[in-house]
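Subject: Structure handover

Hi,

Here is the structure I promised to pass on. Have a look at it first, and my notes on what turned up follow below.

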Amino acid sequence: MSVNLAALLYLVASVCFILALKGLSHPETSRRGNFFGMAGMAIAVGTTLALAPTFDTNLLIVLAGIVVGGSIGTFIAIRVQMTALPQLVAAFHSLVGLAAVFVAVAAFYNPSAYGIGVPGEIRLNSLIEMSVGVAIGAVTFTGSIIAFAKLQGIMSGKPIVYPLQHWINLALGITAVMMVVWLCSSESSIAFWLIVLIALALGILMIIPIGGADMPVVISMLNSYSGWAAAGIGFTLENNLLIIAGSLVGSSGAILSYIMCKGMNRSFFSVILGGFGGETAAAGGDAGDKTYNQGSAEDAAFLMRNSEKVIIVPGYGMAVAQAQHALREMAELLKEDGVEVVYAIHPVAGRMPGHMNVLLAEANVPYDEVFEMDEINRDFASTDVAFVIGANDVTNPVAKTDKTSSIYGMPVLNVDEAQNILFVKRSMGSGYAGIDNPLFYMDKTRMLLSDAKKMCEDIVKALEQ
């Protein structure tokens, strides 16, 4: 394949990636966006393989890697539950970071194969690009592993803090910059590996202080890091497509992280630097001897059937129980009885951006019934029933009143303003952030303590009677 034809195909692939991002910005166009993304990647991989000068052993190894990796990816995609998508995304991000590290190592020890010089005489700009790529890749790798462990429950989702953590991170960051200068001036292998080790440590130390309430921001932030790592290695490989694709992922992830931080009243730079200030927040309260009103499926069906408007607030508990289909059936029965039913989505509901939107789309919930927090928050005061299914932290009014809380300042859905509240939970335990919710103990709240799917199915039965 000629270089000009390859450049044209890479351009086509880049356009497909841009169209993929555009399509994924809205549920109605997300399927088309995924199609463009797959098409762009297929063109990119096919073009790269076609550029190989000869069909040799190395190309066979690459093809074998594609077959093995593609098979593993297909197997995981078929078997993964929707509840496990956040940790799956984190795990995939770690692989991108690890790939960037491996490419940088290969380029450092065999620069002639990459056209960036010979051992001992690597071009300065290539050393700089290599340093940036390997550093970001190593941070992405270990940071994503920690995020996976927190989401999977392998380690605590609460912030893990220690004395002088930010000063230690700062010292490591300055040391890493010094190692980059040393590497560029002397091409020392010791400096190169110190950069790798410091970046690996920073990835761990920057993510462990970030608590569960901020985990969706962490996922989008690591997505951004993986993009910049790919872009940095793209410069080393002199591959324009990798530079473009990495820059698209990096910039879109950074923009999404900023939007989510703004929606949570979090400092963007504080989250990037490891949850600055999280160590001063309270861990949350204990229910103690507080009393609450427990309701039943029949109570919920009667109350909602005799309402004019019901706002459904889905959360991670809905995802765990896979209750979205039963929830949609319940909503359809209510609409047949003349009840207006809409859905309120908090920007960080679930464990990753858009988690609830994906689940509701899977259940064929009409897009025009799903509203973001800013669009619907003022409607709770005029709503007869707020039906909260598995959401806790995003509805907790403590965020508006308690300055000692770790979620203080985070905008929440105004569920407390509804005339009646139905709260579906497995138990009276606190949410992922470990904070008790005063909504549980309000006189107008009925706690529906059950598996979310079973409760919705029981409500459906009661509505059909």
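To get you oriented: in which helix is valine 134 found? It sits in helix 5. Before going further, keep in mind that this is a predicted model.

Valine 134 is a handy place to start. Its relative accessibility is 0%, so it counts as buried. Leaving out residues up to four places away in sequence, valine 134 touches Val101, Ala104, Phe192, Ile195 and Val196.

**Overall picture**

The protein has 17 helices and 8 strands. Its radius of gyration is 25 Å, close to the 23 Å from the globule rule for 465 residues, so the protein is as compact as a globular protein of that length. Along the principal axes, the C-alpha atoms fill a box of roughly 75 × 50 × 30 Å. Buried residues account for 47% of the 465. The accessible surface is about 21,500 Å², and carbon and sulfur atoms hold 64% of that. As for contacts between residues at least 6 apart in sequence, 76% of them join residues at least 24 apart.

In soluble globular proteins, nonpolar side chains tend to be buried together. Here the largest nonpolar core has 42 residues, and Met130, Val134, Leu183, Phe192, Ile207 and Val218 have the most contacts inside it. Which helices each supply at least two residues of this core? They are helix 4, helix 5 (124-152), helix 6 (165-186), helix 7 and helix 8 (215-237). Helix 7 gives the largest share, 10 residues. A second, separate core has 41 residues, including Val310, Ile312, Tyr343 and Val460.

Setting aside neighbours within four places in sequence, phenylalanine 192 is in contact with Ala104, Val105, Phe108, Met130, Val134 and Leu183.

**Aromatic pairs**

There are 6 aromatic pairs in the structure. One of them is phenylalanine 108 with phenylalanine 192, which is stacked, with 4.6 Å centre to centre and 10 degrees between the planes. Why does this pair tie together parts that are 84 residues apart in sequence? Because phenylalanine 108 lies in helix 4 and phenylalanine 192 in helix 7 (residues 189-207). Both of these phenylalanines are buried. Ring pairs also link Phe108, Tyr109, Phe192 and Trp193 into a cluster.

Phenylalanine 440 and tyrosine 441 form an edge-to-face pair, at 6.0 Å centre to centre and 70 degrees between the planes. Phenylalanine 440 has 0% relative accessibility and so counts as buried. Tyrosine 441 is buried too, with a relative accessible area of 16%.

**Helix 14**

The buried residues of helix 14 (residues 355-362) are His355, Met356, Asn357, Leu359 and Leu360. What do they pack against? Their partners are helix 4 (85-109), strand 3 (309-314), helix 12 (316-321), helix 13 (324-336), strand 4 (340-345) and strand 5 (370-372). After helix 14 comes asparagine 364, with a positive phi near 60 degrees.

Strand 7 (residues 420-425) is mostly covered, with 5 of its 6 residues buried. The bridge partner of lysine 425 in strand 8 is leucine 449.

Leucine 95 does belong to helix 4. The C-alpha atoms of leucine 95 and threonine 395 are separated by 34 Å, and the two residues are 300 apart along the chain.

Cheers

How values were computed. Residues are numbered from 1 along each chain as its sequence is written. This is a predicted model: local features need pLDDT of at least 70, side-chain atom pairs count only at pLDDT 80 or more; totals for chains, interfaces and linings use all residues. Side-chain values use heavy atoms; hydrogens and water are left out. Buried means under 20% relative accessible area, exposed over 50%, partly exposed in between (1.4 Å probe, protein chains only). Helices (H or I, at least four residues) and strands (E, at least two) are DSSP runs, numbered from the N terminus. Contact means heavy atoms within 4.5 Å. Rings of Phe, Tyr and Trp (its six-membered ring) pair if their centres lie within 6.5 Å; planes under 30 degrees apart count as stacked, over 60 as edge-to-face and the rest as tilted. A nonpolar core is a set of buried Ala, Val, Leu, Ile, Met, Phe, Trp, Tyr and Cys residues joined through side-chain atoms within 4.5 Å. The radius of gyration is taken over C-alpha atoms; the globule rule is 2.2 Å times the number of residues to the power 0.38. Accessible areas come from the Shrake-Rupley method with a 1.4 Å probe; for residues, only the protein chains shown count as cover. Two strands pair if DSSP finds at least two bridges between them.
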